[in-house]
Amino acid sequence: MLLIRCPYCEEDRPEIEFSYGGEAHIARPLNPDELSDEQWAEYLFIRSNRRGLHHERWLHAHGCARFFNALRDTVSDKFEMTYKMGEPRAQVKK
Amino acid sequence: MKYSALSLLTNAFSGHKKWPLQWPDATPKKSYDVIIVGGGGHGLGAAYYLAKKHGITNVAVIEKGWLGGGNTGRNTTIIRSNYLYDESARIYDHAVDLWDGLSQEINYNVMFSKRGVLMLAHSVHDVQSFQRHIHANRLNGVDNRWLSTEEAKAFCPPLNISKDARYPILGAALQQRAGTARHDSVAWGYARAAAALGVDIIQNCAVTGIKRGPDGAVKGVETERGFIGTKKIGVSAAGNSSVIMEMAGLRFPLESYPLQALVSEPVKPVMPCVVMSNSVHAYISQSDKGELVIGAGTDQYVSYSQRGALHIIEETLASICEIFPLFKRMRMLRSWGGVVDVTPDRSPILGKTPVSGLYVNCGWGTGGFKATPGAADLLAHTIAKDEPHPINVPYNLERFTGGRLIDEAAAAAVAH
Ligand SMILES: Cc1cc2nc3c(=O)[nH]c(=O)nc-3n(C[C@H](O)[C@H](O)[C@H](O)COP(=O)(O)OP(=O)(O)OC[C@H]3O[C@@H](n4cnc5c(N)ncnc54)[C@H](O)[C@@H]3O)c2cc1C
Ligand SMILES: [Zn+2]
């Protein structure tokens, strides 16, 4: 089970308190009626599915009930960092 | 060499120490007509059908680890075809048709056992959804029928059908021609049969890049053992498919999740069939060795770690103990995880790609073992003819742009 640090509660808590919210930083289009089919497919279905450092959302469902973002290595499952909604996308160190 | 009762007998006299190698460990040639990336059942099978049905024998299968070390060797081996949609009926039933004669076809015992798959309905919603599947299946000529609670109990005596059970059983859908097969044998059998027809099997050699020419068409693959040229690449890399497609500059509608399974200590025969309970994410059968083979639902996050969390299998075992109280004192021996490539509609992607010479068979997610011979046959066809077989036409990548999804996800609530 993953140990996840909620940036709002500022505590490491077990995974069962959280639910996964998919890839992070995918913004809902502001101009839906102008989008082409390709752009809709990209928004709805295409994901980076990164093998390595992955930006993703988590919800502290059984805690503060807030969404936050995380950067996690999908090979080791280790969290590099978690950060609050609205904070800039975490930089991936090369 | 051909396996037979006679070869078994003659080898008994030498203490079974003189069996020849099943396939040679090939060193890569400079180039091939076709390169298959991924030495699981699907990839090895595709190589076999390329050689056998299409006469294309200058083929290499390139595997980064050992044969069947991916999901082929990690799955719970449930084979069935009672999916909802017409497209699914055709692709899964095609596979079950091929499972039927597979041991004879490749002269290797894959132990396909049609012991029946029972899917339990625990709620009115389940009952309605299964009945709908049964009717749709009947229209498509796919075996599937309804059993009452008592009939389900008669078919599978260990079931707890008490009305007070936490997961009451309101009935079940039974596909009698469904069952299980021996996973390793599928990989080894196809490898042996393909190698006998001239296919090179290259293990411990990860593909690290895809090289394309100025016109965009593929020219070959970069591997840990150097560049290998080819004009046609078939990718069958399960959980790592999107990683390989990215090597060709393609972004795919795939996410890779951990999926776990576990086995108990071996006991005498007690489970006559496969039982699946989608709504509580528990799947169980008994192997010929006597172990209870139990599958769980996926973990919730994207991962390539080939392991998952204990709380997932704990929940599955809690459900199993509710449905089969007599297993409460069984001890579990081993648990493990695989990486499953899941599409938004839980149906596979099998066909051509926007890159000329690059073909893909992926997105089988949590349920592609059952499809092994079928997917392999269709991938081989698509590569050989440079166009999809009518059965896999609907499984194109463009459906995610055009919107013509094959939404088994919505139909089943979970896929397996
Ligand atoms: C726990 C679990 C239970 C399951 N239960 C069932 C079930 O009951 N019924 C069912 O129908 N399905 C089930 N599945 C799904 C099923 O196992 C898969 O859909 C199916 O086996 C996929 O076959 P494959 O040959 O495509 O993949 P794999 O056997 O995974 O083969 C892909 C191969 O590609 C190789 N590869 C990856 N990257 C590279 C690279 N860069 N270079 C070279 N090679 C590479 C991998 O090492 C791997 O061997 C289950 C899966 C899991 C994990
Ligand atoms: Zn919190």
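Across the interface of chain B and chain A, two salt bridges are found by the rule applied here. The structure is a predicted model, and every value below is computed from it.

**Extent of the interface**

- On the side of chain B, 26 residues are in contact with 25 residues of chain A.
- The size of an interface is often expressed as the accessible area that is lost when the parts come together.
- Chain B and chain A bury about 2200 Å² between them, and 50% of this area lies on carbon and sulfur atoms.
- Three residues, B:R251, B:Q300 and B:Y301, provide 28% of the area that chain B buries against chain A, which is more than any other three residues supply.

**Salt bridges and polar contacts**

- Side chains of opposite charge can pair when their charged atoms come close.
- One salt bridge links A:R50 with B:E246, and their closest N and O atoms are 3.1 Å apart.
- The side chains of B:R251 and A:E42 also form a salt bridge, with an N to O distance of 2.6 Å.
- This pair joins two chains, because B:R251 lies in the loop between helix 7 and strand 13 of chain B, while A:E42 belongs to helix 1 (residues 37–44) of chain A.
- Over all chains, the count of salt bridges comes to 19 by this rule.
- Polar contacts across the interface of chain B and chain A involve 15 residue pairs, with both residues at pLDDT 80 or more.

**The side of chain B that touches chain A**

- Helix 7 (241–247), strand 13 (255–264), helix 8 (310–323) and helix 10 (399–402) of chain B are the elements that each give two or more residues to this side.
- By class, this side of chain B consists of 13 nonpolar, eight polar and five charged residues.

**The second largest pocket**

- The second largest pocket holds about 550 Å³ of space.
- Its lining is made up of 27 residues, of which B:T77, B:R182, B:H183, B:S287 and B:E291 are the closest to the centre of the pocket.
- Helix 6 (183–196), strand 15 (282–286) and strand 17 (332–342) of chain B are the elements that give two or more residues to the lining.
- Helix 6 of chain B gives the most to this lining, with three residues.
- In terms of class, the lining of the second largest pocket has eight nonpolar, eleven polar and eight charged residues.

Notes. Residues numbered from 1 in each chain as written. Chains lettered and ligands numbered in written order. Predicted model: local features only at pLDDT ≥ 70, side-chain atom pairs only at ≥ 80, totals over all residues. Heavy atoms only, no water. 1 Å grid on protein atoms, 1.4 Å probe; cavity = no way out; pocket = protein on both sides within 12 Å on 5 of 7 lines; lining within 4 Å. Points joined across faces, edges and corners; volume = space filled by probe spheres on them. Helix = DSSP H or I, 4+ residues; strand = E, 2+ residues; numbered from the N terminus. Nonpolar A, V, L, I, M, F, W, Y, C, P; charged D, E, K, R; others polar. Contact = heavy atoms within 4.5 Å. Buried area = accessible area lost by both parts, 1.4 Å probe. Salt bridge = Lys/Arg side-chain N within 4 Å of Asp/Glu carboxyl O. Polar contact = N/O pair within 3.5 Å; in protein donor to acceptor, adjacent residues only side chain to side chain.
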